[in-house]
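Please look over the model below before reading the points.

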Amino acid sequence: MNTPHVVVVMGVAGTGKTTIGPLLAARFGVPYAEGDDFHPQANIAKMSAGTPLTDEDRWPWLDAIGGWAQERAGLGGVVSCSALKRSYRDRLRAAAPGVVFLHLTGDRALIEDRMSHRKGHFMPTALLDSQFATLQPLEPDEAGAAVAVTGSPEEITARAVTALEALPEPTA
């Protein structure tokens, strides 16, 4: 199974982007890029201290992810990126017009529980409220799909593959 899509796995912290992204990439036989690796050190320090990032903090990060996505255009790839606001997704699409979004969704209680059990991640649970407050779900004119994060990673990935395979082939 292969896809020429470049998929941005999006959602609030704790939805499983870093778990589902590599599984999805493996299913499609394309590379995976961890969105957190594109953050400048200053952003990681800010989040580690419990301070939400500003839009100005995010622009260089989004531009770096968009550059990676553009390099993968026509070849396929999967990258994780919260992409919480429409303006962030617009910026990614400006850099890589053919990207599609996979929005991992779940209720706050489930996500908080998952975040409280993960080890070694810089994003504290305290920032979850700001993540949900910032989240603007995919709009009907945005290429992508939403998938609930209930069930095992394998079940979530299977639903994601089905949803993504139903999307039209990329035009850019």
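This is a predicted model: local features need pLDDT of at least 70, side-chain atom pairs count only at pLDDT 80 or more; totals for chains, interfaces and linings use all residues.

1. Residues are numbered from 1 along each chain as its sequence is written, and side-chain values use heavy atoms, with hydrogens and water left out.

2. Five strands form an open sheet in the order S2-S3-S1-S4-S5, with parallel pairing (strands are DSSP runs of E, at least two residues, and helices runs of H or I, at least four, numbered from the N terminus; two strands pair if DSSP finds at least two bridges between them). S2 and S5 (144-148) are at the edges with a single partner strand each, so one side of each has no neighbour in the sheet.

3. S2 pairs with S3 over two bridges: Tyr 32 is opposite Val 78, and Ala 33 is opposite Val 79. S1 pairs with S3 over four bridges, and Val 9 stands opposite Ser 80.

4. In S3, Gly 77 and Val 79 point one way, Val 78 and Ser 80 the other, and all are buried (under 20% relative accessible area, 1.4 Å probe, protein chains only).

5. The buried residues of H3 include Trp 61, Leu 62, Ile 65 and Trp 68. Those buried residues pack against S1, S2, S3 and the helices H2 (41-48) and H4 (86-95) (contact means heavy atoms within 4.5 Å).

Note on methods:
Buried means under 20% relative accessible area, exposed over 50%, partly exposed in between (1.4 Å probe, protein chains only).
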